[in-house]
Amino acid sequence: MSEQSKKVEKRSPEVSEKATRRRFKREYKERILSEADRCTVPGELGALQRREGLYSSILQRRRKQRTQETLGSDRRGRKPKPKSQEAQELTRLKRQNERLAEKLRQAELNIEVQNKFPR
């Protein structure tokens, strides 16, 4: 038998486990960002990313989170519902106010265009 056929026979027919999503603690994220900030030599940042298995987009997102002070809150999914009836009413009224403000802006724009072109 050739060596290639031996290699094929040694492969396991079992399906491997499903890969799980990696999760990082806030301390790890802060440490990686501080290391990335200290990288000044060309190629040093790339070496850090390869060593940690990170993409540049992840670093960009974490820097943005750091400036917004939301670095440790990577919660996904639906937002929790407001607890009180007053809070629900407030959010409903805010949405309604935004819709009406947009309608007003569009109406003012239409009136402005109509005034520019006399009949």
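This passage describes how helix 2 packs against two other helices in a predicted model, and then turns to one residue of helix 3.

A handy starting point is that two packed helices are described by the angle between their axes and the distance between the axes. For helix 2 (residues 26-38) and helix 4 (residues 56-68), the angle is about 105° and the axes lie 11 Å apart. An angle of 65 to 115 degrees counts as roughly perpendicular, and helix 2 and helix 4 are therefore roughly perpendicular to each other. On the helix 2 side, the contact is formed by Tyr28, Lys29, Ile32, Leu33, Ala36 and Asp37, which meet Leu59, Arg62, Arg63 and Arg66 of helix 4. Sorted by class, the residues of this contact comprise five nonpolar and five charged, with no polar ones.

The pairing of helix 2 with helix 3 has another geometry to look at: here the axes are 10 Å apart and the angle is about 155°. Since angles over 145 count as roughly antiparallel, helix 2 and helix 3 are therefore roughly antiparallel to each other. Helix 2 contributes Tyr28, Ile32, Glu35 and Ala36 to the contact, while helix 3 contributes Leu45, Leu48, Arg51 and Glu52. Five of these residues are nonpolar and three are charged, and none is polar.

Glu52 deserves a look of its own. This residue belongs to helix 3, which spans residues 44-52. With a relative accessible area of 17%, Glu52 falls under the 20% cut-off and is therefore buried. Leaving aside residues up to four places away in sequence, Glu52 touches Arg22, Tyr28 and Ile32.

Note on methods
Residues are numbered from 1 along each chain as its sequence is written. This is a predicted model: local features need pLDDT of at least 70, side-chain atom pairs count only at pLDDT 80 or more; totals for chains, interfaces and linings use all residues. Side-chain values use heavy atoms; hydrogens and water are left out. Helices (H or I, at least four residues) and strands (E, at least two) are DSSP runs, numbered from the N terminus. Buried means under 20% relative accessible area, exposed over 50%, partly exposed in between (1.4 Å probe, protein chains only). Contact means heavy atoms within 4.5 Å. Axes are lines fitted to C-alpha atoms, for helices over the stretch in contact, and angles run from 0 to 180 degrees between N-to-C directions. Angles under 35 degrees count as roughly parallel, over 145 as roughly antiparallel, 65 to 115 as roughly perpendicular and the rest as oblique. Ala, Val, Leu, Ile, Met, Phe, Trp, Tyr, Cys and Pro count as nonpolar, Asp, Glu, Lys and Arg as charged, and the others, Gly among them, as polar.
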